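Work through the following exercises with the sequence and the model side by side. Try each task before reading its solution.

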Amino acid sequence: KESKDIYYTIGNLGWQHKSGFKFGLAIKETEPLLDVGFNKKFKTDKLEYLIGLSIKSDLEDNNIFNIKSEVKKWFTEKINIFGLYKHEYYNDKQDFQFKVGVGVKLWN
């Protein structure tokens, strides 16, 4: 991750249940962190909504919180418009992104 003076490299290993809940271990540089969260995609015929929450912590001074939300409105099988929101809290720093655009699915 490299943005707004937030610099780190992280690796994740874990398990995610079909309900969307997940837990595992994250390694930030050499620091082990507990990783818990929720990722779930909800779909209807023309609408797709993704929500993601993630907490990584050593329960002391290394804390990373991520929130992600994405909505897609499909017009055809391959073309959509989307809105994306991401927010990250890393110890005392934070970064957020908001994107709106057109998506094209190249492969099935």
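The exercises below go from the whole chain to single residues.

This is a predicted model, in which local features need pLDDT of at least 70 and side-chain atom pairs count only at pLDDT 80 or more, while totals for chains, interfaces and linings use all residues. Residues are numbered from 1 along each chain as its sequence is written, and side-chain values use heavy atoms, with hydrogens and water left out.

**Exercise 1.** Determine how many helices and strands the protein chain has.

Solution. Begin with the DSSP runs, where helices are H or I runs of at least four residues and strands are E runs of at least two, numbered from the N terminus. The assignment gives zero helices and nine strands. Then take the extent: the C-alpha trace spans about 45 × 30 × 20 Å along its principal axes.

**Exercise 2.** Describe how strand 8 pairs with strand 7 and with strand 9.

Solution. Two strands pair if DSSP finds at least two bridges between them. Strand 7 (residues 63–74) and strand 8 (residues 79–90) are antiparallel, with 11 bridges, and a hairpin of four residues links them.

**Exercise 3.** Is Ser 69 buried or exposed, and which side chain does its own side chain contact?

Solution. Locate Ser 69 in strand 7. Its relative accessibility is 18%, so Ser 69 counts as buried, given that buried means under 20% relative accessible area, exposed over 50% and partly exposed in between (1.4 Å probe, protein chains only). The side chain of Ser 69 makes a polar contact with the side chain of Tyr 49 at 2.9 Å; such a contact is a pair of N or O atoms within 3.5 Å, where within protein one must be able to donate a hydrogen and the other to accept it, and residues adjacent in sequence count only if both atoms are side-chain atoms.

**Exercise 4.** Which residues make up the largest nonpolar core?

Solution. Collect buried Ala, Val, Leu, Ile, Met, Phe, Trp, Tyr and Cys residues joined through side-chain atoms within 4.5 Å. The largest such set has six residues: Ile 6, Tyr 8, Ala 26, Leu 33, Ile 64 and Tyr 90.
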